[in-house]
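The points below are grouped by topic.

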Amino acid sequence: MNLDLTSTGDLARALLPELTLTAAGMLVLLVTAWRHTSGRDLRIAGWVTLTGLVAGGVAVWWLWWHTARAAGPPSMIAVDDFRFVTDGLFLAAAGLTVLVSFDYLEREGLLVPEYYVLLLFATLGMMLMAGGEDLMVVFLGLELMSVSVYVLAGIDRRSGAAAEAALKYFLLGAFASGFLLYGIALVYGATATTNLTQIAAQVRSLSLVQSPMLLIGLGLVLVGFGFKVAAVPFHMWAPDVYDGSPTPVTGYMATAVKAAAFAALFRVLVEAFGGVTAWKPIVWWLAVATMVVGNFIALAQHTVKRMLAYSSVAHAGYLLVAVAAASWAGSAALLAYLFAYTLVTLAAFALLAAQGREGERDVRIDDLAGLGQRRPWLALALAVCMLSLLGFPGTAGFIGKWYILVAATMAHENVLAAILVLTSVVSAGYYLPVIMAMYMKPQPFDQAHAGVRLGRPAAVVVAACVVGLLVLGVRPNPLLDLARSSAIVPPARAATPATGR
Amino acid sequence: MLLGPALAVSAALFALGVLGVLLRRNAIVIFMCVELMLNAANLAFVAFAQQLGVAGQIFVFFVMAVAAAEAAVGLAIILAVYRHRHTVDLQHINLLKG
């Protein structure tokens, strides 16, 4: 299906998922304006949100099924499989977050149905950001996402930690937006356009590869994205914000927000700046620093939530390796890894949310002692998550890491591949103690795990994620085929055969 | 016309904003410095628009809308912190360790 984006009808068709989600967001906003007092209202808003997300998913699937492609002059929104697959990822992450939140919000007494409105708008922002074919659309999508997530981080108004997390996230996020915007302004000044493909064309035709204005602009854009993906040295907000936010929101931030930032970063770097080599060493060093620092600081953490926060910084490093490969294989590896990482991280944070106790900030790794005897299924699920985060063979995490390694070696980034393997070994030092605590230590006192409670929707999420992790770990072909067929083909290599099916 | 001086002013504003964020410790002042950075970008957009067409001027409107949304959310968050801590000085806000 070829869509001529200059005609209104085709443009509406190309934007169908975004329009659906906008309508759903408005609808939930309207519902919550009247009904926002009881737990029942909260559940109604949750189910309407879930319906909206499913409708958006159907719209994405419809476009994907008809292999929609843009025809005509360059437009502001990309119509390709990369956008559809990442959209599906954001919608799935949002849907799973809604399911986890059902129980959590009521238990914590957070009767704010606007939570779901913000979740919808944040997801909409991600879809615009990852699908933006124009730097301004990417910026607007990023801001829509960020502003919604700033509020989500501080949605628990009784908690001082949540307010501080929101403040930290807001100040550093806005700071990063300033860098990104100034970078966009300089790129616009150098190339006279903000359209990604036209930037690439201008760089070629005006031979701007050495232009200082373009390079400074690109550097500032990288700084802005570096903050968003929490790459070292721009990571210092991440652990605090992840620590202070409500746990389902943390899961959402660590998965969907990070995935959106990576998808947009990859698209911008490869489509617009594929011909500029200056960013490759920068991303290379970012990847090394992020992997090393993230993994080593995670070793020193005692609470589960902060450990997972630093682990998500480390995983951003692995994903940066895929970006540094900057090839078709790198793009496919990025998608495959994002899927595996999203499943496992959402499940891990859902399990952490089940530990209860006033925002779970104080659940130490030692507190999990004896969980294996008291709650065998919960412990099993958490063990699978830890093994998958570690990249243990038989889980989806292994497939994702393996694929990134293949992409890195294909791009002759052998040093990066070696550092990835070595830092993964280090990460065993903080993932395995969780499993050891659960299975090899006796519970400290009789009722140690009496407060652990996983609601039915959250249990379904965890079960689905864990089964998905194991199935994809044993039979990864469907995921790999999907990732390969929807990868972005760098313009320079567009002549070589692209699909490897 | 005047592209060079306009860009120089915009770069100076941006640098001021960045330095302000890095050096000041009051949440509201930091937020004002962030706004300074956004407005530096706006100035650059308008300066470029003189030569490159109206697109740059249109972006400025979007950026202003974004800045307004950020201000609404940001001030609300600063207020929420003030209610808990009775200060907006980041030096005293250290519950979450760096």
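## Interface and aromatic pairs

In this predicted model, 43 residues of chain B are in contact with 42 residues of chain A. The area buried between chain B and chain A is about 3500 Å², and carbon and sulfur atoms give 79% of that area.

**Polar and charged links across the interface**

- The rule finds one salt bridge across the interface of chain B and chain A, and A:Glu164 forms a salt bridge with B:Arg85 in which the closest N and O atoms are 2.6 Å apart.
- Between chain B and chain A, five residue pairs are counted as being in polar contact, with both residues of a pair at pLDDT 80 or more.

**The side of chain B that touches chain A**

- The elements of chain B that give two or more residues to this side are α1 (3–23), α2 (27–52) and α3 (55–85), and the largest share, 15 residues, comes from α3(B).
- Sorted by class, the side of chain B that touches chain A has 33 nonpolar residues, together with seven polar and three charged ones.

**Aromatic pairs**

- Over all chains, the count by this rule comes to 24 aromatic pairs.
- One of these is the edge-to-face pair of A:Tyr188 and B:Phe59, with 5.7 Å from centre to centre and 80° between the planes.
- Because A:Tyr188 lies in helix α7 (residues 160–191) of chain A and B:Phe59 in helix α3 of chain B, this pair joins two chains; both A:Tyr188 and B:Phe59 are buried.
- The rings of A:Phe227 and A:Phe234 have their centres 5.1 Å apart and their planes at 40°, so the pair counts as tilted, and both A:Phe227 and A:Phe234 are buried.
- Ring pairs also link A:Tyr150, A:Tyr169, A:Phe170, A:Trp237, A:Tyr242 and B:Phe31 into a cluster, to which chain A and chain B both contribute.

- A:Gly178 lies in helix α7 of chain A, and it counts as buried because its relative accessibility is 0%, the cut-off for buried being under 20%.
- When its neighbours within four places in sequence are left aside, A:Gly178 is in contact with B:Phe14, B:Met37 and B:Leu38.
- Within chain A, the C-alpha atoms of A:Gly178 and A:Leu220 are separated by 9.1 Å, although these two residues are 42 residues apart along the chain.

Notes: Residues numbered from 1 in each chain as written. Chains lettered and ligands numbered in written order. Predicted model: local features only at pLDDT ≥ 70, side-chain atom pairs only at ≥ 80, totals over all residues. Heavy atoms only, no water. Contact = heavy atoms within 4.5 Å. Buried area = accessible area lost by both parts, 1.4 Å probe. Salt bridge = Lys/Arg side-chain N within 4 Å of Asp/Glu carboxyl O. Polar contact = N/O pair within 3.5 Å; in protein donor to acceptor, adjacent residues only side chain to side chain. Helix = DSSP H or I, 4+ residues; strand = E, 2+ residues; numbered from the N terminus. Nonpolar A, V, L, I, M, F, W, Y, C, P; charged D, E, K, R; others polar. Phe/Tyr/Trp six-rings, centres within 6.5 Å; stacked < 30°, edge-to-face > 60°. Buried < 20%, exposed > 50% of the residue type's maximum accessible area, 1.4 Å probe, protein only.
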